[in-house]
Amino acid sequence: MQIRLASFMFCLGAALLPATLRAAVLTIESWRVDDKVLWEEVLIPAFQRKNPGTFVKFVPTAPTEYDAGLQQRLSAGTAGDLITCRPFDASLNLYKKGLLERLDGQGRTQLDDFPASAKLAWQTDDGRETYCMPIASVIHGFFYNKKIFAELNLQPPGTEAEFFKLMDTVKAQGKYTPLALGLADRWETHQVIFNGMGPAYWQGEAGRKGLIAGKKKLTDAEFVNVWELMAKLQPYLSKGAATQTNADSQSLFGLGRAAVYPAGSWDIGPIRAQSLDFGAFPPPVPKPGAACHISDHSDIGMGINPRAKNKEEAYKFLTWMASQEFADLYTNKVTGFFSLSNHLVPVLDPVAKQMMDWRKSCASTIRLNAQILNRGRPSLESDFWSVHSLVVAGKLSPAAAAAKMQASISKAAN
């Protein structure tokens, strides 16, 4: 009722304005349907308290329809003023087609409030042009059920050996599923397991940049070792793992039936809603004393439509989005999405704070194939999804996985 009333009041207020002012209504394009209430009840009202003459509408599209629909609207001149940007190639392709505004090269801009590493996901390959302002990243790790850990006298593992000892303990007890991981949706084995646990083996940015430069291959031991680790996970999954979706895994963990849930910080809110007492631990390292690396992946940015009807107001909105106020609101209201700005943000959710604090002791990297490497057809991402689910299911050997994926990289490079 509140949302409908707010929408009615917005429309009424806009209708009562003079014709010259009615046109100044900013529209935000986004795939984040889940954030609609947040934008309408928290973020937009906060902006309008500082800018009472500017109206803003948040108009999301279903994630699966967003990319194609957005490009059509931008090309036709019917898209909104502000464009929520996916990282790397999806937005870079729009920019190359002239469908996103260049944001730098104008003296001091909103981009000065972000470190160079945060802007990487929305820059040209040479780093000379930036077309979206960073908003937030997500961090990969593992959630654990505190009650189960106390019952079985378990501690969060720090190494691979400790991780599998923990898995064996839960399995032997027989009451709980050790690892809430399904194979039906396939993306989890790649984005959460491979990209979550892998950086500690391939040394994060060193391994990722080595692949891009052609100095490393996926058949190198540092990558094969990750597939070997993944091949050992199958005995700890539920009996129905082959048909288990990510929603099923989340429910299995949220209902207290699984000890550990490999996840991303974006899952904090949904798990929190199930009233479970849980904590988080970072991906285990290969052996004692090895350096910790985490996938701290740039996930979401904001750009401007070059044909925006209200470009001046759009820049004004980006300026507010670069502020301390927005960083605080977004980090603590969209739990598990961490501001990429230079502002110091106190994180209120205890699990979100745990994960953000990993940055103090672990080196950050992004998903292995996110930059440049996905440009083949089919993309490396789709190949990874298929290969990784097969490895975890025990249907493809680590060596075969490495050979197949290296062949995919080589094909994309030619």
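This is a predicted model: local features need pLDDT of at least 70, side-chain atom pairs count only at pLDDT 80 or more; totals for chains, interfaces and linings use all residues.

Me: What makes α9 and α18 count as being in contact?

Reply: Contact requires heavy atoms within 4.5 Å, and on the α9 side W187, T189, H190, Q191 and F194 meet residues of α18. Their partners in α18 are E381, F384, W385, H388, S389 and V392. By class, five residues of this contact are nonpolar, five are polar and one is charged.

Me: Why is α9 called roughly perpendicular to α18?

Reply: The two helices, residues 187-197 and 380-392, pack at an angle of about 90°, and their axes are 7 Å apart. Angles of 65 to 115 degrees count as roughly perpendicular, so α9 is roughly perpendicular to α18.

Me: What makes a residue part of the lining of the largest pocket?

Reply: A lining residue has an atom within 4 Å of a pocket point, and 47 residues line the largest pocket. Nearest its centre lie W31, R86, Q191, D299 and R367. Both α9 and α18 are among the elements that each supply at least two lining residues. The pocket holds about 1,800 Å³ of space, and its lining has 21 nonpolar, twelve polar and 14 charged residues.

Me: And which residues are closest to the centre of the second largest pocket?

Reply: Those are S117, D296, L340, R359 and S364, out of 22 lining residues. Elements giving two or more residues to this lining are α6, α11, β8 and β10. The volume of the second largest pocket is about 500 Å³.

Technical notes:
Residues are numbered from 1 along each chain as its sequence is written. Side-chain values use heavy atoms; hydrogens and water are left out. Axes are lines fitted to C-alpha atoms, for helices over the stretch in contact, and angles run from 0 to 180 degrees between N-to-C directions. Helices (H or I, at least four residues) and strands (E, at least two) are DSSP runs, numbered from the N terminus. Angles under 35 degrees count as roughly parallel, over 145 as roughly antiparallel, 65 to 115 as roughly perpendicular and the rest as oblique. Ala, Val, Leu, Ile, Met, Phe, Trp, Tyr, Cys and Pro count as nonpolar, Asp, Glu, Lys and Arg as charged, and the others, Gly among them, as polar. On a 1 Å grid over the protein atoms alone, a cavity is a set of points where a 1.4 Å probe fits but cannot get out, and a pocket is an open set with protein on both sides within 12 Å along at least five of seven lines; lining residues have an atom within 4 Å of a point. Grid points are joined across faces, edges and corners, and a volume is the space filled by probe spheres set on the points.
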